[in-house]
Amino acid sequence: MFDMTIITAANAAQAGGYRAQTDGRSNIMVVADPGGRRVGSLGATVNALRKLHKAGKRPRCVLVCHSGGDARRTPGYATLGKAFIPLADGRPMFDHIVEKMSQLRLPKSGGLLVVSGDVLPQFDYASADFSQSGVTGVAYPDGPEEARRHGVYVTSANRGKGAFLAPVADFRQKPDVSSGLHLIDTGVMFIDWKTADKMRSLPIAGDIYDEFPKMLLKGFAPFHVNVVPSCDFFHIGSTREIVQKLGKNGIYVDAAHCELELAGDNVVTNIPPNKYKRISLAKGECLTCIPVRGGGWHELRYRIDDNFKSDGLWEKNGMSDLMKRVDYRRLMSARNHRSVRVTMPVRIDLAGGWSDTPPICQDNGGAVANVAVTLDGERPIEVTVTPRTDKYIKIVSKDLGKRRIVKTEAELMDHSDPTDWCALVKSALAVTGFKFGSRGLDITICANLPKGSGMGTSSILGAATVAALLGSDNHAKVGELTLQLEREMNTGGGWQDQFGGLEGGAKLLTSKPGAVQRVKCERLDDKWLGELLKERGLLYFTGQKRMARNILRKVLAFYAENPHNFAKTLVKSLKRDALKARDAILAHDADALAQAVNGYWRDKKLLDPGSTNDRVEGMIARIEKWCSAVTLTGAGGGGFMFILAKDAKSAKLIRKELDANPPSKFSRFYDFALDEDGMQITCR
């Protein structure tokens, strides 16, 4: 959602560290406080606005993430900054903040969203209202203990327990209160562009949560607060909290490349390869290593409850000077001996496919009911991205048994031929903004199911590759970039495949008409459908492979021609089938679900007769007396056949019939089950 993200830093040295950690990522700007001194969050915001204006940039929507602190209470991450502490999935706090804030519904006119880089507020993002001009903060009701520790909004009226938007009557910092509910500041503040432009003339100084509210209350700009019902915060304030929130069994280790013997209450970070063979720490001892320019690593030993902020240890260890001499190239090289692994299920479309394909969905909106599934107990799609020591890109396909090393930018940019097995990975690198030569990568992909299967394999593999390169589980962003990837490859396609794998379980996926497709996911009853499919569902590979893009071209040509308005009538029918499937699952009505699936199969064949063929029709004729519903997954023409048997006995008879006389040597049944989680991403 954000066209640009700005990270503020206390000085040039810290800014250099942030740039090193975001190298190769597009639309990120790091802005250091001027003069080598901290100017406060208001001053840093004003400075960032001036930098944008001077550069002639006016993005529609900008996220400003204030990260100018020294991280003194977490010395193991003083070099990286609190915003870049990796959370449980291995991705930094910063990435999680960007993803969560992207869920806010900001005005189409855009503006500036200001947040803190060391805390992740978690609330009902969809309930926040930023429709008023000027400045809008976000608050939630809580008791006096929290009020005494934070900023507090005051409004002229109490609007009850639900979300509401109201003018701000007063703003108090850490008020001395002893009872009642108070509107606690979440640290999230939205500023429209008219106000942001006016802010450029302010002095570069002050706190945006202290001095700025006072200016607003004096009439600088309209000032509102959006009150959400509740809010939780993920914040790491000390070394002990690192162990408590992110560690296992009283130990936390990050980027330590040696053997460890740890007694408990230990934090070990940034231990470079080949420096130590083995490290032994007593209970409560912690260790981090800091690479300094000119060579060598400074070893910082401390204890878990050392503060470094109030006990003089920051000064005693010369940390301010050390932070100016950090060699971030070597630090990131040592840390980047980590890999990102993404696994994804494939999807079975129950109804509505083709309505998700541009320009059909752009004209009419789309509606697809599908389910995410494992095959033979495994997630068939897997992508792993691991850094290399050189600047090349090695691409390995485990299922094809092929590998290639990309050594030039020209070779990387050649990705428009969909028959090139590397085109998908090269297109994923292009849409994620990868810069050739910025770093080397080993990229391993695997799609462990037959090619041309009709299970959304190519799109889901593309989505997994995009997610692994980004290190992101932002479904909306990954889905959007996957559409771009398919355009880069000249394959076309819609959004149901990637969202079918990204989002777990059974769901209805919908979008509204428009050039930009925003996909909404409604989860359905996984438990009932899972039991139904376990008893009566069958998935059979026909043994006949086909290319979905060939059928796609025919469908889109037919839609463009639209003889007697027939194509658009069929699109409406496709969407109705998807809604019927949704309603059937919610009502636990297997017969109604079968009707929706059969209607979908009928409409696909009407849109393109190539969705079926004599061999497929012959297979269906052999088993139809035992079937409630049958369809070929995806575009049809071959690939997998989804069958809903009349009952458990019929399912066994269908298995017996097709096992006895398979139409090809590749034909067979696959065990399948609902995958409720969707995409899974881990960093190691």
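Okay, let's start at Asp526, which is buried, with a relative accessible area of 10%; buried here is under 20%, exposed is over 50%, and partly exposed is in between, with a 1.4 Å probe and protein chains only. Before I go on: this is a predicted model, where local features need pLDDT of at least 70 and side-chain atom pairs count only at pLDDT 80 or more, while totals for chains, interfaces and linings use all residues. Residues are numbered from 1 along each chain as its sequence is written, and side-chain values use heavy atoms, with hydrogens and water left out.

So, who does Asp526 pair with in a salt bridge? Arg523, at 2.3 Å, N to O. By salt bridge I mean a side-chain nitrogen of Lys or Arg within 4 Å of a carboxyl oxygen of Asp or Glu. Arg523 itself is partly exposed, at 37% relative accessibility.

The structure has 35 salt bridges, and I picked out a few. Take Arg72 and Glu315, whose side chains meet at 3.4 Å, N to O. Arg72 sits in the loop between β3 (61–66) and α3 (93–101), and Glu315 is in helix α8 (residues 313–316), so this pair ties together parts 243 residues apart in sequence. The helices and strands, by the way, are DSSP runs numbered from the N terminus: H or I of at least four residues for helices, E of at least two for strands. Arg72 is partly exposed at 22%, whereas Glu315 is exposed at 52%.

Next, Arg388 and Asp442 form a salt bridge at 2.8 Å, N to O. Here it's strand to strand: Arg388 is in β21 (residues 381–388) and Asp442 in β24 (residues 440–447), so the pair ties together parts 54 residues apart in sequence. Both ends are partly exposed, Arg388 at 21% and Asp442 at 22%.

There's also a network of salt bridges, linking Arg240, Asp265, Lys283 and Asp305.

Okay, on to helix packing. Helix α13 (residues 423–431) packs on helix α14 (residues 457–470) at about 45°, axes 9 Å apart; the axes are lines fitted to C-alpha atoms over the stretch in contact, and angles run from 0 to 180 degrees between N-to-C directions.

Who touches whom in that pair? On the α13 side it's Leu424, Val425, Ala428, Leu429 and Val431, and on the α14 side Ser458, Leu461, Gly462, Thr465, Val466 and Leu469, with contact meaning heavy atoms within 4.5 Å. That's eight nonpolar residues, three polar and no charged; Gly counts among the polar ones.
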